[in-house]
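Have a look at the structure first, and then we can walk through it together.

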Amino acid sequence: MTDRNADQPHDVRAFFGARAANWDAKFPEDAPAFAGGVAELGLHEGDRVLDAGCGTGRALPALREAVGARGTVLGADLTPEMLQAAVRAGRDRSAGLFLADVARLPLRDAALDAVFAAGLISHLADSAAGLAELARVVRPGGRLALFHPIGRAALAARKGRPITPDDLRAEPNLRPLLAGSGWDLVRYVDEDSRYLALAVRQG
């Protein structure tokens, strides 16, 4: 399933590359929301977790705190400028950062316990393939959190756009998309203050 509203990789890099330097300053109040989203993953000491499409790494300190010193935290992003901003912010101290398209991750099968993905799904050129790749690198029973610090209605209002029936983040569209990509949706929250879709790896 290809999302006709999704971006191609070069478009994603161009969009975020031009905005990376000022990204955190534009959204200065998001840190508590990201920490709350990370908490929903139910991570344990020693777990292995990936922030897929980590951007400037706003979730990375919370992920590190959740898994402790024995855990593994990785941050992958397609845009070099975003990763550079994460380093300038010191968030590389919380995670190993690497440049990658999350649709083609350089990780072995079942390498992770969980994936955190903020604002990712609308930027995947092929949503089903991207979600299937995330499933490939997570062990059976592991978790995926699709997150955004504000809900769909609030985000649409911010962008001056209506919510459309084909929005992949809507539960009736997302549930079968996840199911066909190796995930079972177990929790769905869409309110002004946050968006969260929590899924468990099948198998």
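Which residues are buried in helix α5 (residues 80-88)? They are Met82, Leu83, Ala85 and Ala86, where buried means under 20% relative accessible area with a 1.4 Å probe, protein chains only. Please keep in mind that this is a predicted model: local features need pLDDT of at least 70, side-chain atom pairs count only at pLDDT 80 or more, and totals for chains, interfaces and linings use all residues. Residues are numbered from 1 along each chain as its sequence is written, and side-chain values use heavy atoms, with hydrogens and water left out.

- Glycine 90 follows α5 and has a positive phi, near 80°.
- In α4 (residues 60-67), the buried residues are Leu60, Ala62, Leu63 and Val67.
- These fall within an arc of 160° seen down the axis of α4, so they line one face of the helix.
- Among the elements covering them are α3 (31-39) and β1 (48-52).

**Nonpolar cores**
- The largest nonpolar core has 33 residues, and Leu50 and Leu144 have the most contacts inside it; such a core is a set of buried Ala, Val, Leu, Ile, Met, Phe, Trp, Tyr and Cys residues joined through side-chain atoms within 4.5 Å.
- α6 gives the most to this core, with four residues.
- Apart from it lies another core of 19 residues, including Val38 and Ala95.

Terms used:
Buried < 20%, exposed > 50% of the residue type's maximum accessible area, 1.4 Å probe, protein only. Helix = DSSP H or I, 4+ residues; strand = E, 2+ residues; numbered from the N terminus. Arc of directions from axis to C-beta. Contact = heavy atoms within 4.5 Å.
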